[in-house]
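I opened this notebook to record what I looked up in the structure shown below. The entries follow in the order in which I made them.

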Amino acid sequence: MPALLRPQLQEYRSWVVDSRRWERYRPRDGDIVITTYPKCGTTWMQRIVGMLVFATPEPRSINDDSIWIDARMLDPLDAALARLEAQPHRRFIKAHLPLDGLPLYDTVKYIHVARDGRDACMSWHNHLMAQTPEIYARFDKIGLEDPVLGGPCPRPEEDPARHFHAWITRWSDGRAFDFFAFETSFWSERQRENLLLVHYSDL
């Protein structure tokens, strides 16, 4: 049974993620948590780990194989945790949280992929601009029902230069995605034996 090394130190809530959902996580020995800033190679790393876990390059459903616990706009928490508990294979779990927003266990492995912030910013802009009105309506509902957020999801700047300026001077979604603090949370813990730091350009 994994032993808790350190509880969550910070609470992160945005229109996308909620770190409180990890309070009900029940670890297994050998669990792998892949946690990255958005658009920094999350799915790429999930695919790599999935091929190692299942020992095959055959395509699989990443959303079925790798549960995203902190996602607010996908499964209700009970459903997400039930899907996680039902997995018979070695579990590899997705997160978009800084390391201080996660509980750390001794026999759980943590993988973080870092990327040049300029590339992450532009990829994030492209991602935001591609969201549908239905997705933003879902985010708006989350924000309006959350007393901490207290409002609809901010829309991105259409101009990439203005987006970059906003991204580098404030948290890009108002709560959880300060790139520099996010990366610092991992770099400051880089000596942990169960934490692997990977750079996007090395994948």
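Helices (H or I, at least four residues) and strands (E, at least two) are DSSP runs, numbered from the N terminus. Two strands pair if DSSP finds at least two bridges between them.

I noted the basis of the entries. The model is predicted: local features need pLDDT of at least 70, side-chain atom pairs count only at pLDDT 80 or more, and totals for chains, interfaces and linings use all residues. Residues are numbered from 1 along each chain as its sequence is written, and side-chain values use heavy atoms, with hydrogens and water left out.

I next followed β5 to its partners. Strands β5 and β6 (residues 195-199) run parallel and are joined by five bridges; V113 stands opposite V198 in β6. Strand β2 (residues 32-35) pairs with β5 over three bridges, also in the parallel sense, and I34 faces I111 of β5.

I then asked why β5 is largely enclosed by the rest of the structure. Five of the six residues of β5 (residues 109-114) are buried, so the strand is largely enclosed. Buried means under 20% relative accessible area, exposed over 50%, and partly exposed in between (1.4 Å probe, protein chains only).

I traced the whole sheet. It is open, has four strands in the order β3-β2-β5-β6, and pairs in parallel. Because β3 (92-95) and β6 stand at the edges with a single partner strand each, one side of each is left without a neighbour in the sheet. The twist averages 20° from one strand to the next. Helix α1 packs on the sheet and touches β2, β3, β5 and β6, with its direction at about 175° to that of β3. Contact means heavy atoms within 4.5 Å; axes are lines fitted to C-alpha atoms, for helices over the stretch in contact, and angles run from 0 to 180 degrees between N-to-C directions.

Where does P156 lie? It lies in the loop between α5 and α6. P156 touches L128, M129 and Y136, not counting residues up to four places away in sequence. P156 and W15 are 141 residues apart in sequence and 13 Å apart in space, C-alpha to C-alpha.
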